[in-house]
Amino acid sequence: MNELLKYRVIYIGEVHNNREIHEIQLKIIREFYKREKKLVIAMEMFQQPFQEYLDAYTEGEISEREMLEKTEYKKRWGFDEELYRDIWRFANKYGIKLIALNIPSELLKEIREKGLENVRSVYLPPKIVYPPEEYKNFLLENMKRHSKKFNEKRFIDIQTAWDNGMAYKILKLLVLYPEHRIIVTVGKGHLYKGYGIPYVLKKLFGVKQAVMYPLEDERFFLLLKIN
């Protein structure tokens, strides 16, 4: 924790269906809150157009069930809500700002159809940051383990859009909340060796970032520091 307190943006990478990792995420968030109250929790699990419902939930205006329905959680994310609910309940209990980090599914559909180079969106930075070769190869190798038949360009376009869209949102948060620390819960594939979201954000805006990356056995974390 003493090391993490040196950074403005802290990513806690996850394997989406690994309950133990989500327990670690909550533990780290709790430890931060003990030390300082100016926190923002940004979650990949929610898409940005539905931010108003996360605000209403953390402000006590709507119930958890209504928040999940209005954010279309099951349709747009789908993983068991029990994996994450202790995190958003903690935010609700203490009035911590909860941020929808992911870009909308409709934008991804447009990118699949037209190609990333032909799409402009308020959810993407004006100039797209493309992945370096090492990260691109990592993404392609991972995909090949799951499917032998896929369109490589389309796949990289989607991954690039995800990384750029989420990094761009974090940039906006840094401007909106200049005194707050941003804690990001996101799939570990978006953080590999500091690539993905941290790499894009570094290109867009200079800020100290720390990446907690779960290793292969999914029990231990590697801390990467990005200045």
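In which strand does Val-184 lie? You will find Val-184 in strand S4, residues 181–187. These views come from a predicted model, where local features need pLDDT of at least 70, side-chain atom pairs count only at pLDDT 80 or more, and totals for chains, interfaces and linings use all residues. Residues are numbered from 1 along each chain as its sequence is written, and side-chain values use heavy atoms, leaving out hydrogens and water.

View A. Val-184 is buried, at a relative accessible area of 0% (buried means under 20%, with a 1.4 Å probe and protein chains only). Beyond neighbours within four places in sequence, its contacts (heavy atoms within 4.5 Å) include Val-9, Tyr-11, Ala-42 and Leu-101. Ile-170 is another contact of Val-184; the two are 14 residues apart in sequence and 8.8 Å apart in space, C-alpha to C-alpha.

**View B. Helix H8 and its N-terminal cap.** Helices (H or I, at least four residues) and strands (E, at least two) are DSSP runs, numbered from the N terminus. H8 is mostly covered, with 18 of its 25 residues buried. At its N-terminal end sits the cap, Asn-151, with a side-chain oxygen 3.1 Å from the backbone nitrogen of Lys-153.

**View C. Where H6 meets H8.** Helix H6 (residues 105–114) packs against helix H8 (residues 152–176) at about 145°, with axes 9 Å apart. Axes are lines fitted to C-alpha atoms over the stretch in contact, and angles run from 0 to 180 degrees between N-to-C directions. From H6, the contact is made by Leu-108, Ile-111 and Arg-112; H8 contributes Arg-154, Asp-157, Ile-158, Ala-161 and Trp-162.

How values were computed:
Buried means under 20% relative accessible area, exposed over 50%, partly exposed in between (1.4 Å probe, protein chains only). A polar contact is a pair of N or O atoms within 3.5 Å; within protein, one must be able to donate a hydrogen and the other to accept it, and residues adjacent in sequence count only if both atoms are side-chain atoms.
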